[in-house]
Amino acid sequence: AQALVLGLPLSLDGTEGLAAEEACRLARNFRLSLDIPVFMQDERLTSREAEERLRDEGHSFERLREEVDSRAAAIILEDFINSRMR
C-alpha cells in the first residue's frame with residue numbers, strides 16, 4: 001500500500017460530530033504507526049449513493065444490505081482519487 005484513505009463522517013452541514021472525532025483519532029493513530037500517508041475523505045451521502053447504484057443495478061434488498069458498506073467505501077476511494085486529479 002502506498003497510502004491509507006479513511007472516510008470522514010461529517011454531518012450534512014459539514015461539522016464534525018462524535019463519529020468524525022473518532023475517525024480523526026484513528027487517523028492520528030495510523031499516522032503514528034504507519035510509514036505511509038494517511039488521508040481523510042469526506043464520506044457524506046456515500047451510503048445513499050451506494051444504495052442508489054445498487055438499486056439501479058437491480059439488486060435485491062437483501063443484497064443491497066450486504067453490499068452497501070463495501071460499495072460506499074469504493075465511492076469514498078473514487079472521490080479521493082478524483083479530488084487528487086483536479
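In this predicted model, Arg 48 and Asp 56 are exposed on one side of helix H2. The opposite side of H2 holds its buried residues, namely Thr 46, Ala 50 and Leu 54. Seen down the axis of H2, these buried residues fall within an arc of 75°, so they line one face of the helix.

**Around helix H2**
- The cover over the buried residues of H2 includes helix H3.
- Setting aside neighbours within four places in sequence, Leu 54 is in contact with His 59, Leu 64, Glu 67, Val 68 and Arg 71.

**Nonpolar core**
- The largest nonpolar core consists of six residues: Ala 50, Leu 54, Leu 64, Val 68, Ala 72 and Ile 75.
- Helix H2 (46–56) and helix H3 (61–84) are the elements that give two or more residues to this core.
- H3 gives the most, with four residues.
- In soluble globular proteins, nonpolar side chains tend to be buried together.

**Helix H1**
- Helix H1 covers residues 18–33, and at 1.5 Å a residue its 16 residues should span 22 Å; the end C-alpha atoms are 23 Å apart, which agrees.
- Ala 20, Ala 23, Cys 24 and Ala 27 are the buried residues of H1.
- These buried residues fall within an arc of 100° when seen down the axis of H1, so they line one face of the helix.
- Leu 18, Leu 32 and Ser 33 are exposed on the other side of H1.
- Strand E1 (4–8) and strand E2 (38–42) are included in what covers the buried residues of H1.

Terms used. Residues are numbered from 1 along each chain as its sequence is written. This is a predicted model: local features need pLDDT of at least 70, side-chain atom pairs count only at pLDDT 80 or more; totals for chains, interfaces and linings use all residues. Side-chain values use heavy atoms; hydrogens and water are left out. The expected span of a helix is 1.5 Å times one less than its number of residues. Buried means under 20% relative accessible area, exposed over 50%, partly exposed in between (1.4 Å probe, protein chains only). The arc is that of the directions from the helix axis to the C-beta atoms. Contact means heavy atoms within 4.5 Å. A nonpolar core is a set of buried Ala, Val, Leu, Ile, Met, Phe, Trp, Tyr and Cys residues joined through side-chain atoms within 4.5 Å.
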